[in-house]
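Trainee: I would like to learn how to read a model of this kind feature by feature, with the general idea given before each case. Could we go through it together?

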Amino acid sequence: MPISPAWEAMLRADNARNRLTGIALVSLTYVIFTLLDGSAKWLVASVPVIVVVWLRFLTHAIFASILLLPIRGASLVKTRHLRWHLLRGAMFCAMTGINFWALQYLQLAVTSSIFFIVPILIALMAAPMLGEKLDAGRWMAIVAGFAGVLVIVRPGSAEFHPAMLLSLVNAALYALFNLTTRHLAAYDPPETIQYLPAVVASILLAPFAIAAWESPATWLEWALLCLLGVLGGLGHYLLALAHRYAPATVIAPFLYQQVLYMALFGYVVFGDVPGAGVWLGAAIVIASGLYLFARERSRA
């Protein structure tokens, strides 16, 4: 069912009510993503990563099909930008696989703190991709952000783990993924944006997952594997919807609340306590990202 012009205009209106709605949606999104990552970290301890990743996308696609196809019908898969969706599907596979792989070895708070480099990477990538110029202030924020990541990763120290490099690769991929989402949000509805990549990813990963298949041993593992798709689909849908209610410069800073959710989940479920270096590095990266957001808001 297409969105009416009047409803679309209301969503696009930049007012206090829509901004608060966008903030609420993105806050809920990062609670959901914390549950997704935390559940995945628990699952990959006993189930092969490729199986967890595939079932995450397969259940996502099934859940979204049951929920959205009766409402939107064929329009759910109708797009003039299929190549972009195929690219996002491949990136979806890579990002989720890398993230779940890293979660086998790293605390949730560590992976989320490294992930905070994403807005800084977006600013860096936007220069060559979108023709934007980086002034001295932005360059200082970018350099400070990378310094913060070095404080978290601490290469050469006893706390360094090679999986931290996987989280950095995942952050770079997600920055590119975010840029493609922003591009598609101007043309396709959020339902299509979150649905097509999940379908593509489940198809691409099927032969590899079947080859490495190990059946989950308990009903709890099966339940969480099915829940991954629901959490992933709902989270990406809410994130796309949030961008319809509020500008990215308004909602993006609320990404940083996720480190609190991750730290709490990691402590309650796994007994993980992030070290001082993680908190210090996260604070530096967050400050750099907030500076960039403030500069973007001043330009708007």
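Trainee: Is P197 buried or exposed?

Mentor: Burial is read from relative accessible area, where buried means under 20%, exposed over 50% and partly exposed in between, with a 1.4 Å probe and protein chains only. P197 has a relative accessibility of 0% and therefore counts as buried. Before we go on, note that this is a predicted model, in which local features need pLDDT of at least 70 and side-chain atom pairs count only at pLDDT 80 or more, while totals for chains, interfaces and linings use all residues. Residues are numbered from 1 along each chain as its sequence is written, and side-chain values use heavy atoms, with hydrogens and water left out.

Trainee: In which helix does P197 lie, and which residues does P197 touch?

Mentor: Helices are DSSP runs of H or I with at least four residues, strands are runs of E with at least two, and both are numbered from the N terminus; P197 belongs to helix α9. Contact means heavy atoms within 4.5 Å, and, if residues up to four places away in sequence are not counted, P197 touches H85, R88, G89, F92 and T192.

Trainee: Where is R88, then, and what surrounds R88?

Mentor: R88 sits in helix α4, which covers residues 82-103. With neighbours within four places in sequence left aside, R88 is in contact with F177, T180, T181, L184, I193 and P197.

Trainee: What is the nearest side chain of opposite charge to R88?

Mentor: For charge, Lys and Arg count as positive and Asp and Glu as negative, whereas His and the chain ends are not counted. A salt bridge is a side-chain nitrogen of Lys or Arg within 4 Å of a carboxyl oxygen of Asp or Glu. R88 is buried yet has no salt bridge, since the nearest side chain of opposite charge, D188, is 8.0 Å away. What the side chain of R88 does reach is the backbone oxygen of I193, at 2.9 Å.

Trainee: How many salt bridges does the structure hold?

Mentor: Side chains of opposite charge can pair when their charged atoms come close. The structure holds 1 salt bridge, in which the side chains of E191 and R72 meet at 3.8 Å, N to O. E191 lies in helix α9 (residues 190-211) and R72 in helix α3 (residues 49-72), so the pair ties together parts that are 119 residues apart in sequence. Both E191 and R72 are buried.

Trainee: How many disulfides are there?

Mentor: A disulfide is a covalent bond between the sulfur atoms of two cysteines, and the criterion used here is a pair of cysteine sulfur atoms within 2.5 Å. The structure holds 0 disulfides. The sulfur of C93 is 19 Å from the closest cysteine sulfur, in C226, which is too far for a bond. C93 is buried, with a relative accessible area of 12%, whereas C226, at 40% relative accessibility, counts as partly exposed.

Trainee: How many residues does the largest nonpolar core have?

Mentor: A nonpolar core is a set of buried Ala, Val, Leu, Ile, Met, Phe, Trp, Tyr and Cys residues joined through side-chain atoms within 4.5 Å. The largest one has 80 residues, and those with the most contacts inside it are V52, F100, V110, F116, V118, Y174 and I251. Apart from that core lies another, of 5 residues, among them L68, L76, Y195 and L196. Returning to V118, its contacts, with neighbours within four places in sequence left aside, are A171, Y174 and A175.

Trainee: What is the phi of R154?

Mentor: Most residues other than glycine have a negative phi, and most peptide bonds are trans. R154 has a positive phi of about 50 degrees although it is not a glycine. R154 is found in the loop between α7 and α8, and, at 28% relative accessibility, R154 counts as partly exposed.

Terms used:
A polar contact is a pair of N or O atoms within 3.5 Å; within protein, one must be able to donate a hydrogen and the other to accept it, and residues adjacent in sequence count only if both atoms are side-chain atoms.
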